There are 4 protein chains.
Amino acid sequence: MHMERVKVAVAGASGYAGGEVLRLLLAHPFVEIGALTAGSNAGEKLGSLQPHLTPLAERVLEETSVETLAGHDVVVLGLPHGQSGPLAAQLGDLDDGVVVIDCGADFRLTDPADWERFYGSPHAGTWPYGLPELPGQRERLAGAKRVAVPGCYPTVSTLTLAPAVAAGLVQPDVVVVAASGTSGAGKAAKPHLLGSEVMGNVSAYGVGGAHRHTPEITQNLGGLTDGPVRVSFTPLLVPMPRGILATCSAPLAGPVTAEEAYATYVKAYADEPFVHVLPPGQWPQTKSVVGSNAVHLQVTVDEVAGRLVAVGAVDNLAKGTAGAAVQCLNLALGYDETTGLSAVGVAP
Amino acid sequence: MHMERVKVAVAGASGYAGGEVLRLLLAHPFVEIGALTAGSNAGEKLGSLQPHLTPLAERVLEETSVETLAGHDVVVLGLPHGQSGPLAAQLGDLDDGVVVIDCGADFRLTDPADWERFYGSPHAGTWPYGLPELPGQRERLAGAKRVAVPGCYPTVSTLTLAPAVAAGLVQPDVVVVAASGTSGAGKAAKPHLLGSEVMGNVSAYGVGGAHRHTPEITQNLGGLTDGPVRVSFTPLLVPMPRGILATCSAPLAGPVTAEEAYATYVKAYADEPFVHVLPPGQWPQTKSVVGSNAVHLQVTVDEVAGRLVAVGAVDNLAKGTAGAAVQCLNLALGYDETTGLSAVGVAP
Amino acid sequence: MHMERVKVAVAGASGYAGGEVLRLLLAHPFVEIGALTAGSNAGEKLGSLQPHLTPLAERVLEETSVETLAGHDVVVLGLPHGQSGPLAAQLGDLDDGVVVIDCGADFRLTDPADWERFYGSPHAGTWPYGLPELPGQRERLAGAKRVAVPGCYPTVSTLTLAPAVAAGLVQPDVVVVAASGTSGAGKAAKPHLLGSEVMGNVSAYGVGGAHRHTPEITQNLGGLTDGPVRVSFTPLLVPMPRGILATCSAPLAGPVTAEEAYATYVKAYADEPFVHVLPPGQWPQTKSVVGSNAVHLQVTVDEVAGRLVAVGAVDNLAKGTAGAAVQCLNLALGYDETTGLSAVGVAP
Amino acid sequence: MHMERVKVAVAGASGYAGGEVLRLLLAHPFVEIGALTAGSNAGEKLGSLQPHLTPLAERVLEETSVETLAGHDVVVLGLPHGQSGPLAAQLGDLDDGVVVIDCGADFRLTDPADWERFYGSPHAGTWPYGLPELPGQRERLAGAKRVAVPGCYPTVSTLTLAPAVAAGLVQPDVVVVAASGTSGAGKAAKPHLLGSEVMGNVSAYGVGGAHRHTPEITQNLGGLTDGPVRVSFTPLLVPMPRGILATCSAPLAGPVTAEEAYATYVKAYADEPFVHVLPPGQWPQTKSVVGSNAVHLQVTVDEVAGRLVAVGAVDNLAKGTAGAAVQCLNLALGYDETTGLSAVGVAP
């Protein structure tokens with residue numbers, strides 16, 4: 001196992017994804033934190049923007065550019081969608097063996113048409129997809145120089161449905177309703193994200209297939225089955241800072257008991273360090289995974305409705321973004337996959 | 001229109017349903033508040049249990065019994081499920097013309113087998129169902145002596161799906177994921193309902209058809225269409241005190257555009273004082289209806305997934321329970337249906 | 001008592017203060033809602049900005065100007081501090097008998113030096129102060145053409161301390177720590193007010209006498225006693241949308257028992273329709289007053305520390321702003337003071 | 001430095017203090033987790049009670065008794081107040097060199113009269129007080145066999161005031177208003193701690209010197225100055241699971257500038273690994289320390305009010321309880337004091 005230290009730059013260090021990457025890297029035994037860059041916050045001290053990161057409080061944010069990011073072993077990008085593509089192209093020109101891990105959406109989708117329809121700009125390309133729990137994916141990530149970290153909703157939705165779809169327990173005509181904390185919407189100040197608006201409030205958005213994560217979920221599940229996959233995805237904004245709970249269901253493909261479905265899930269994730277199928281009858285809650293890289297799952301069969309119903313929980317900023325980035329960093333560099341990551345949430 | 005004053009007793013005045021009934025009745029111009037009764041809290045002053053109801057703070061709670069409830073024009077029952085049946089039987093023996101409005105589940109279901117399977121006790125019977133927005137239901141409630149107030153989840157789920165099901169836009173094979181505030185679980189102190197547990201947390205419960213409201217939703221939708229209805233219902237507990245947001249979808253029965261679906265909803269509820277189909281593109285949020293009897297709805301069509309998706313919001317304690325009780329009281333006694341009720345929520 | 005209808009314009013209708021004024025005016029039997037004006041939101045429909053105000057959803061916001069506000073019986077101003085002064089001057093020039101009620105700070109302070117130090121612009125003047133519960137103040141507001149609605153923190157801090165200061169129970173050297181919901185900070189989108197930041201978080205701000213409400217509290221208490229008043233005021237931001245709880249204490253001026261202090265408070269507010277001294281031993285909570293014009297108070301004596309300690313709760317948007325505006329509107333126009341206002345909060 | 005592994009038992013493993021101790025011990029490189037005991041939850045699996053602690057999910061809780069706790073190097077007690085005393089006496093009889101760390105109040109107070117007045121039972125004795133940041137206290141804890149972990153409010157109140165009191169900047173006549181998350185009240189299900197009650201709500205309790213932590217704060221500050229100390233302490237319950245923000249003030253003893261006060265604080269805590277005086281002008285917020293052992297502080301001088309005002313933030317369950325327990329375990333056993341503890345909170 002690799003145990004040498006590496007120097008890691010973080011672009012977008014003033015945002016939520018960047019801040020969580022830094023929180024995790026501070027606990028990583030083989031990482032030295034290098035340049036911290038930002039857009040409009042460049043020039044400010046990190047302490048004024050991320051007051052919890054006291055060991056880095058005096059660090060001054062630099063401009064996000066290929067120059068400030070050069071000279072690192074790893075660059076983690078926590079940028080608005082569409083900004084990683086051009087920057088990654090420049091980093092690629094350096095030809096210095098740097099590992100680039102993109103927390104944005106730019107390199108996730110394989111179909112350029114999907115990208116253009118949902119993101120409205122030219123497709124930057126496709127990188128190895130940073131969900132090691134998918135079949136064969138861990139191997140693709142080992143030693144990779146480029147990694148596209150999955151979206152938060154696709155991470156939990158895919159892992160919650162994958163065993164059922166892969167085993168053919170269900171028709172791949174799935175309904176996902178996923179309730180997310182507000183940090184998934186980022187740190188840009190918008191009126192509908194004010195505390196006064198979100199506290200005591202639940203709302204739906206991106207309804208009817210309009211959310212950008214829909215094609216990503218479809219792509220992931222499509223890799224697990226033959227024939228077309230259909231995904232009805234509705235995200236909800238709920239009054240908490242972190243966490244996603246995804247309620248997923250699909251019509252049964254044939255007779256299957258709750259016990260059989262459960263056994264399928266237990267077997268599928270038996271060797272996964274971060275995916276935890278709860279004991280029968282215990283349903284996931286987001287709080288159990290807050291701050292951790294854990295995924296909590298449960299599944300049952302509704303015989304009256306003729307559907308398999310599975311529920312999954314992740315922390316959108318951790319396993320849903322920054323934790324996955326560190327997990328992939330470990331795989332790319334040959335560290336133990338769990339280095340610097342916890343599977344235990346901060347509860348209550 | 002009736003304008004005489006009536007005397008109303010409230011059983012279960014120390015609970016959340018009873019408290020909300022009293023809050024609304026205090027603003028009702030034709031109601032005099034009579035006996036307030038409770039179970040284990042009998043003997044205490046209401047002010048120590050419902051500190052917001054200052055006009056009634058010095059009232060002492062009496063034991064819930066046919067004797068304390070006798071002599072009123074109206075009795076509103078806010079009791080744990082299974083307790084209304086026996087008490088209502090005794091009230092019926094009085095033969096004094098009293099109007100009884102039950103906020104519990106005892107008289108909602110028409111199928112005794114459903115009742116026994118989900119509630120585990122003998123079926124008490126079926127009363128007129130207090131959802132005047134259902135076709136023909138307002139007429140059944142006018143002058144009624146007995147009313148079964150609907151469950152909170154069934155109220156919003158039914159109203160969110162009814163136009164689509166009744167118009168045949170969808171196959172009646174629906175998926176409902178409904179996020180509820182914690183007051184729907186009542187005021188009995190249970191560890192999983194502690195603030196420390198629910199804040200910052202979303203969880204699923206009663207998954208796979210196990211929740212008691214499933215047969216009630218099925219029954220309601222079944223009255224709107226021929227042939228069998230299937231309901232996959234998953235309730236979520238979200239960190240807020242009040243409000244339910246129901247995300248409902250079903251496979252399209254044939255080609256229908258989002259505009260056609262929207263027009264169907266607008267037409268269905270054009271004359272309803274409390275149901276508000278939002279302008280196109282604006283999706284419901286629970287905060288807009290908190291404290292009010294309003295229902296906010298929106299609908300669209302997901303052509304890729306082949307589903308109609310509709311979202312509805314109510315306050316579980318108001319239109320979901322106590323507001324419906326007052327609305328039905330108005331219908332039963334001949335007052336204007338909106339008397340004492342607001343259609344404007346307390347936001348932000 | 002006056003019972004004629006009046007036409008009321010609301011400037012700043014897209015903000016929290018304006019929205020709450022409209023919510024209350026919709027329930028006021030003698031008010032017709034006239035022009036709704038805004039700054040940057042002019043031209044938009046109210047429904048997109050205040051989705052709970054469905055009866056006014058189709059109303060289009062006009063530019064805030066003396067022209068749009070002219071021709072009304074009453075104009076309520078819910079504008080950023082410093083904007084009411086110039087506008088009020090223009091409205092005054094109209095000489096049409098209009099009643100102007102300012103929810104901003106512009107006309108609250110009597111000392112121009114205080115204004116200039118804390119608000120940094122020329123002093124606009126001083127209007128009758130809209131806290132009818134202060135001695136002699138109700139009389140000054142009856143028939144007034146101009147009213148300065150108090151600040152939210154000063155309202156609760158003043159009412160919580162006034163009986164003790166006026167009766168000489170304490171040395172007027174007070175400490176106030178007041179925890180406020182986030183709506184007090186307004187609807188302008190700022191990063192530190194994002195839901196992701198405020199949920200799960202308590203913070204102090206304006207510490208050490210830096211908050212603008214400090215001189216207003218000092219001014220109010222100064223009117224109740226001879227000699228100098230000193231106020232140490234610290235506001236806290238707490239994770240809820242509405243409500244302020246003020247914890248106030250001061251050194252005892254001489255021997256006084258808890259019972260004597262309590263009796264002083266009960267007597268001081270015996271005739272007040274909205275101020276409720278709770279039963280002995282019951283301490284205020286903000287939830288009991290949410291959405292209402294009520295003030296809940298309690299007081300005790302800490303003999304070991306030698307201090308009187310009193311706690312008060314209000315809804316910052318209701319009695320703390322918009323409720324007070326309506327209460328003053330009633331007084332100014334000769335309606336019953338409680339018209340359109342509730343003393344019962346929406347709980348839980 | 002000690003680096004041998006020790007076996008640690010946790011009594012009260014189903015509660016919040018015990019759960020947080022276990023969360024921290026799972027990350028401690030030199031600890032093996034031994035017996036887990038409980039009261040009424042004995043016999044249950046830990047996974048059903050602490051679903052976030054998945055590595056221990058299959059562990060069965062044993063009865064809390066000297067037999068189940070015997071044979072460990074360290075025993076951490078997370079029991080209701082009054083239960084540690086008798087159990088500790090029995091553990092002391094074993095004479096096996098065990099280190100006992102009590103998270104309860106039993107051994108904190110030095111004055112038996114204080115104990116009896118506030119806790120109502122015989123005084124069990126006094127153990128070394130687990131606040132190593134107090135002068136001379138770190139030395140007393142090194143190698144200690146018994147440690148009394150401080151209360152959560154006393155921890156933050158003491159550390160927030162200590163430099164000012166010790167340096168004589170203020171008269172020791174302090175006012176503390178401390179806002180706490182709900183986990184400080186424990187996991188026992190009580191109606192006023194339900195999520196429905198605490199969300200959207202702030203309340204005061206134990207007002208007027210009635211809270212049990214008042215004498216502990218007085219005792220701590222008394223050790224830093226000559227002459228009598230007076231403490232006016234008011235705790236607030238705020239809607240979040242974790243965290244305390246203490247707003248503390250006292251009359252200035254003489255002329256002192258904000259800069260001088262700040263310099264005093266910086267110097268006092270210059271060598272402390274967990275106490276962080278924020279940059280001038282930046283005020284503490286609880287979220288920055290959630291899940292961590294950090295204490296964030298700021299101080300200023302209010303010249304008009306003549307008071308020094310200081311604000312401190314801790315996580316009540318971490319530095320306020322379980323983090324302090326682990327910090328003291330490290331000192332008692334000779335590990336590096338920071339082993340297994342983070343100074344970085346989980347934000348946002």
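**Note on a predicted four-chain model: rings, copies and contacts**

1. D:Arg146 lies over the face of D:Trp127, at 5.8 Å from the ring centre. A charge sits over a ring if NZ of Lys or CZ of Arg is within 6 Å of the ring centre and within 35 degrees of the ring normal. Chain C holds such a case too: the charged end of C:Arg146 sits over the ring of C:Trp127, 5.7 Å from its centre.

2. Some ground rules. This is a predicted model, in which local features need pLDDT of at least 70, side-chain atom pairs count only at pLDDT 80 or more, and totals for chains, interfaces and linings use all residues. Residues are numbered from 1 along each chain as its sequence is written, chains are lettered from A and ligands numbered from 1 in the order in which they are written, and side-chain values use heavy atoms, with hydrogens and water left out.

3. Next, the aromatic pairs. A pair of aromatic rings is described by the distance of the centres and the angle of the planes. Rings of Phe, Tyr and Trp (its six-membered ring) pair if their centres lie within 6.5 Å; planes under 30 degrees apart count as stacked, over 60 as edge-to-face and the rest as tilted. How many aromatic pairs does a search of the whole structure find? Over all chains, there are 16.

4. One of these pairs joins A:Tyr153 and A:Phe233. The pair is edge-to-face, with 5.1 Å centre to centre and 70° between the planes. A:Tyr153 lies in helix H7 (residues 152-166) of chain A and A:Phe233 in strand S9 (residues 230-237) of chain A, so the pair ties together parts that are 80 residues apart in sequence. Helices (H or I, at least four residues) and strands (E, at least two) are DSSP runs, numbered from the N terminus. A:Tyr153 counts as buried, at 2% relative accessibility. A:Phe233 is buried as well, with a relative accessible area of 1%. Buried means under 20% relative accessible area, exposed over 50%, partly exposed in between (1.4 Å probe, protein chains only).

5. The pair of C:Phe107 and C:Trp127 is stacked, because the ring centres are 3.8 Å apart and the planes are at 5°. It links distant parts of the chain, 20 residues apart. C:Phe107 is in the loop between strand S5 (99-102) and helix H5 (112-119) of chain C. C:Trp127 is in the loop between H5 and helix H6 (137-141) of chain C. C:Phe107 is buried at 3% relative accessible area, and C:Trp127 is buried at 13%.

6. UniProt, in an unreviewed entry, places the feature "active site" at A:Cys152. Its positions are given in the numbering used here, feature names are shortened, and annotations may be inferred rather than shown by experiment. Is A:Cys152 buried or exposed? At 10% relative accessibility, A:Cys152 counts as buried. A:Cys152 lies in helix H7 of chain A. Leaving out residues up to four places away in sequence, A:Cys152 touches A:His213, A:Ile244, A:Asn316 and A:Gly320. Contact means heavy atoms within 4.5 Å.

7. The unreviewed UniProt entry also places "domain: Semialdehyde dehydrogenase NAD-binding" at residues 7-142 of chain A. This span is 32% helix and 17% strand, and its end C-alpha atoms lie 19 Å apart.

8. Now the copies. Chain B can be laid on chain A by a turn of 180° and a shift of 0.0 Å along the axis, with an RMSD of 0.0 Å. The two copies are thus related as by a two-fold rotation axis. In chain B, the C-alpha nearest the axis is that of B:Pro239, 3.1 Å from it. Copies are superposed by least squares on the C-alpha atoms of residues with pLDDT of at least 70 in both.

9. The contact takes 41 residues from chain B and 42 residues from chain A. The area buried between chain B and chain A is about 3300 Å², and carbon and sulfur atoms give 60% of it. In chain B, B:Val202, B:Val207 and B:Lys287 lose the most area to chain A, together 15% of what that side buries. Buried area is the accessible area (1.4 Å probe) that two parts lose on being put together, summed over both. The copies meet through the same surface, because 100% of the interface residues of chain B are also interface residues in chain A.

10. D:Val202 sits in the loop between helix H8 (195-198) and strand S8 (203-204) of chain D. D:Val202 is buried, with a relative accessible area of 0%. Its contacts, not counting residues up to four places away in sequence, include C:Val238, C:Met240, D:Leu236 and D:Pro239.
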